[in-house]
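Here's a friendly walk through one protein model, part by part. Keep the picture open while you read.

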Amino acid sequence: MKTALLVIDMQVYFTSMTHECLPNILKLDAHFKAHSLPHFFTQHGHTRQELTPPLKNQIVKRWGPAGSIAKGSVDWELMPDIAKAAIGCPVVSKNTYDAFINSHLADLLKEHAVERVVVCGVMTDCCVDTTARSAFNRGFETWLVRDACGTATKKQHESGLVGFGYAFGEVLKTAEVLEKLGHEGPD
């Protein structure tokens with residue numbers, strides 16, 4: 001089964017939430033690169049138009065323009081280690097929690113004949129969980145990586161994992177993902 005890594009929104013804005021998960025994301029990325037498996041990154045941001053009233057984007061309405069990430073800002077940039085990892089990989093631009101909406105992510109996964117996605121990044125209980133559930137709903141086997149995700153609080157993190165694990169897919173640690181994938185390579 002062809003597996004892809006999907007790294008969600010590892011941007012400067014979320015740095016404080018990534019101290020524990022970043023090393024594991026880099027381990028997963030290294031594994032996928034070493035085995036020539038597809039891996040994709042997402043980058044969340046809003047255009048000037050989306051940040052200017054009248055507000056139409058639901059995330060901007062929820063958090064306000066000041067609490068939203070402006071495209072092109074320092075907060076919008078990928079974290080330095082992730083920017084290095086993303087060189088040569090598709091970076092999917094998104095403006096809502098679900099990386100499949102308003103993007104070409106589904107097309108990229110189909111182009112690479114992906115059947116399973118391994119999802120990690122931030123925020124566990126918002127963009128990561130929503131994108132992982134959407135992948136499941138689109139027919140992909142979906143794994144969420146417990147120690148390669150981060151969010152604002154431990155309670156939010158655990159809630160996101162429990163909800164996903166109940167009905168959508170496996171919740172695994174990085175070591176478990178690497179063991180299950182073994183030497184899987186491009187098919």
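## The sheet

Six strands make an open sheet, in the order S3-S2-S1-S4-S5-S6, and the pairing is parallel. Strands here are DSSP runs of E with at least two residues, helices are runs of H or I with at least four, and both are numbered from the N terminus. Two strands pair if DSSP finds at least two bridges between them. In general, strands of a sheet pair through backbone hydrogen bonds, either parallel or antiparallel.

Which strands stand at the edges? They're S3 (91-94) and S6 (170-172), each with a single partner strand, so one side of each has no neighbour in the sheet. From one strand to the next, the twist averages 25 degrees. For a close-up, look at S1 (residues 3-8) and S4 (residues 116-122): they run parallel and are joined by six bridges. Thr-3, for instance, has Arg-116 of S4 as its bridge partner.

## Where this comes from

This is a predicted model: local features need pLDDT of at least 70 and side-chain atom pairs count only at pLDDT 80 or more, while totals for chains, interfaces and linings use all residues. Residues are numbered from 1 along each chain as its sequence is written, and side-chain values use heavy atoms, with hydrogens and water left out.

## Helices

H5 and H6 pack at an angle of about 10 degrees, and their axes are 9 Å apart. Axes are lines fitted to C-alpha atoms (for helices, over the stretch in contact), and angles run from 0 to 180 degrees between N-to-C directions. The two helices H5 and H6 are therefore roughly parallel to each other; that label covers angles under 35 degrees, with over 145 counting as roughly antiparallel, 65 to 115 as roughly perpendicular and the rest as oblique.

Contact means heavy atoms within 4.5 Å. Residues making the H5 and H6 contact include Ala-132 and Phe-136 of H5, along with Leu-161 and Phe-164 of H6. Helix H7 (residues 174-181) lies across S1, S4, S5 and S6, and runs at about 145 degrees to S5.

## Two pockets

A pocket is an open set of points on a 1 Å grid over the protein atoms alone, where a 1.4 Å probe fits, with protein on both sides within 12 Å along at least five of seven lines; lining residues have an atom within 4 Å of a point. Grid points are joined across faces, edges and corners, and a volume is the space filled by probe spheres set on the points. The largest pocket holds about 320 Å³ of space. Of its 16 lining residues, those closest to the centre are Glu-20, Cys-149, Gly-150, Thr-151 and His-157. S5 gives the largest share of that lining, four residues.

The second largest pocket has about 240 Å³ of space. Its lining has 15 residues, and Tyr-13, Phe-14, Trp-63, Gly-67 and Met-123 lie nearest the centre. By class, that lining has 10 nonpolar, four polar and one charged residues. (Ala, Val, Leu, Ile, Met, Phe, Trp, Tyr, Cys and Pro count as nonpolar, Asp, Glu, Lys and Arg as charged, and the others, Gly among them, as polar.)

Most residues other than glycine have a negative phi, and most peptide bonds are trans. Asp-9, in the loop between S1 and helix H1 (22-34), has a positive phi, near 50 degrees.

The bond from Pro-53 to Pro-54 is cis, with omega near 0 degrees. Another cis bond joins Val-122 and Met-123, with omega about -15 degrees, and Met-123 sits in the loop between S4 and H5.
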